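Open the model in your viewer and keep the selection panel at hand. Each stop below says what to select and what is there.

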Amino acid sequence: MKKKLIFLSVFLFTGCYSFEQGYGQFSLLLKQQKIEDVLEENKETKDRIEKLKLVKPILAYAESEIGLTPGNSYKKYIALESTSVSWVVQGAEKRKLKLKTWWFPFVGSQPYLGFFEKDKAFKKRDELKNEGFDTVMGGVSAFSLLGYYPDPIYSSMLDQSTLSEFIEVLIHESVHRTLYIPDYYSFNENLADFIAKRATVHFLDLHPELKINSQEYFSQYKKNLLAQKKFQEYLGKVKKEITEFYEYAEKNSEFNDESIFLAEREIKFNQIASEYKKFMNGLEIGTNYEFSFQKGKINNAVILSYSIYEAKQEPLEKAYQNAKQDLKLMLNNLKNCLSGSLQDEKELWNKVENCRSVSESKP
């Protein structure tokens with residue numbers, strides 16, 4: 001599954017990690033060019049130029065039709081020397097399904113750290129391993145500064161996507177700039193994904209000159225949805241079985257021996273991998289889930305990373321239906337429904353599911 005990183009500028013952070021990320025971000029920003037200048041020079045690849053020409057109409061659509069607020073973002077472009085703009089490292093405890101989180105001002109707890117230099121990401125991953133954590137690491141093509149600073153377009157956003165996927169990515173990142181709930185990273189990612197996919201279909205319908213069949217795009221989207229639903233079913237089964245094993249291991253002294261515990265755990269992981277294809281029954285082929293749960297590449301961090309993205313689409317679908325399938329109204333409703341303090345994630349999703357416009361909520 002593709003990952004898009006929510007990452008805030010160093011100037012809001014403290015500490016050595018923050019200083020290094022601030023320097024990395026500042027170095028990137030020095031390479032910015034105005035998109036209009038890049039188009040005029042016409043020195044980039046044909047594919048990049050084609051996508052850059054679409055930025056302005058995509059943003060105009062996002063503002064007028066959905067009510068997104070990209071502000072001064074996506075007016076500049078940065079050509080990278082790498083296929084990824086950043087690398088994300090996640091950690092999880094070995095004996096329970098619990099992600100390690102880091103807290104930052106304004107954005108709250110985040111289940112990952114992002115690095116502009118790959119070797120520093122590797123170094124952090126190794127540090128977490130030495131501290132006894134399971135880890136997972138991957139490159140990302142885009143991230144959002146959440147409205148605190150203007151976001152540029154990175155070449156990685158262009159190179160790692162088809163034309164329709166680029167439209168989706170740009171709208172996805174603009175959603176983060178419009179509505180973001182600190183501490184609730186799963187909601188933020190699910191909301192951006194939900195809105196971006198539907199908005200992309202509508203945008204393609206409005207622009208037949210792009211010669212992209214919106215129904216083909218939507219068919220692939222629906223195929224992914226079916227695979228996602230089945231995948232989430234399997235993920236729930238996996239989490240239940242692994243949690244039961246960890247609870248059993250905690251009560252049995254033989255598993256105090258780390259080597260015995262890890263060996264037995266690896267047997268469980270291998271069973272998960274071997275049963276995955278059979279459970280999916282071909283639904284995963286040609287979707288984001290085709291290469292999930294690979295043998296030898298499963299640990300708690302991997303399992304939990306699957307839980308962040310696209311894990312909660314049903315409550316958003318209900319909010320969408322409550323808004324009469326109007327994305328702009330849905331977004332406004334959610335802003336109102338989630339404006340107060342939230343006790344926990346359960347309350348958040350309950351509010352999302354029952355979210356309606358203010359006029360409809362009145363008796």
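Select Phe293 first. In this predicted model, Phe293 has 3% relative accessibility. That is under the 20% cut-off, so Phe293 counts as buried.

Now show the rings of both residues. They belong to a total of 17 aromatic pairs in the structure. The ring centres of Phe231 and Phe293 are 5.6 Å apart and the planes meet at 25°, so this pair is stacked. Colour by secondary structure to see what the pair links. Phe231 sits in helix H9 (residues 214-251), while Phe293 is in the loop between helix H10 (258-280) and helix H11 (300-308). The two residues are 62 apart, and the pair links distant parts of the chain.

Tyr306 belongs to helix H11 and Phe293 to the loop between H10 and H11, so the pair ties together parts 13 residues apart in sequence. Tyr306 is buried, as is Phe293.

Together with Phe231, Phe293 and Tyr306, they form one aromatic cluster.

Stay on Phe279 and show Lys230. Lys230 lies over the face of the Phe279 ring, 4.6 Å from its centre. For another such arrangement, go to Phe194. Arg198 lies over the face of that ring, at 3.4 Å from the centre.

Next, the core. Select Ile153, Ile171, Phe187, Leu191 and Met330. Within the largest nonpolar core, which has 63 residues, these five touch the most other members. Which helix gives this core its largest share? Helix H8 (residues 185-206) does, with 10 residues.

Centre on Ile171. Beyond its neighbours within four places in sequence, Ile171 is in contact with Ile58, Tyr61, Ile66, Leu68, Ala196, Ala199 and Thr200.

Another core lies apart from the largest one. This other core has 29 residues, among them Tyr234, Tyr246, Phe269 and Ala301.

Last stop: strands. Show S2, S3 and S10. They make an open three-stranded sheet in the order S2-S3-S10, with mixed pairing. Strand S2 (33-34) and strand S10 (153-154) are the edges, each pairing on one side only. Strand S3 (residues 76-78) runs parallel to S10, and two bridges join the two strands. Select Tyr77: Ile153 in S10 stands opposite.

Conventions:
Residues are numbered from 1 along each chain as its sequence is written. This is a predicted model: local features need pLDDT of at least 70, side-chain atom pairs count only at pLDDT 80 or more; totals for chains, interfaces and linings use all residues. Side-chain values use heavy atoms; hydrogens and water are left out. Rings of Phe, Tyr and Trp (its six-membered ring) pair if their centres lie within 6.5 Å; planes under 30 degrees apart count as stacked, over 60 as edge-to-face and the rest as tilted. Helices (H or I, at least four residues) and strands (E, at least two) are DSSP runs, numbered from the N terminus. Buried means under 20% relative accessible area, exposed over 50%, partly exposed in between (1.4 Å probe, protein chains only). A charge sits over a ring if NZ of Lys or CZ of Arg is within 6 Å of the ring centre and within 35 degrees of the ring normal. Two strands pair if DSSP finds at least two bridges between them. A nonpolar core is a set of buried Ala, Val, Leu, Ile, Met, Phe, Trp, Tyr and Cys residues joined through side-chain atoms within 4.5 Å. Contact means heavy atoms within 4.5 Å.
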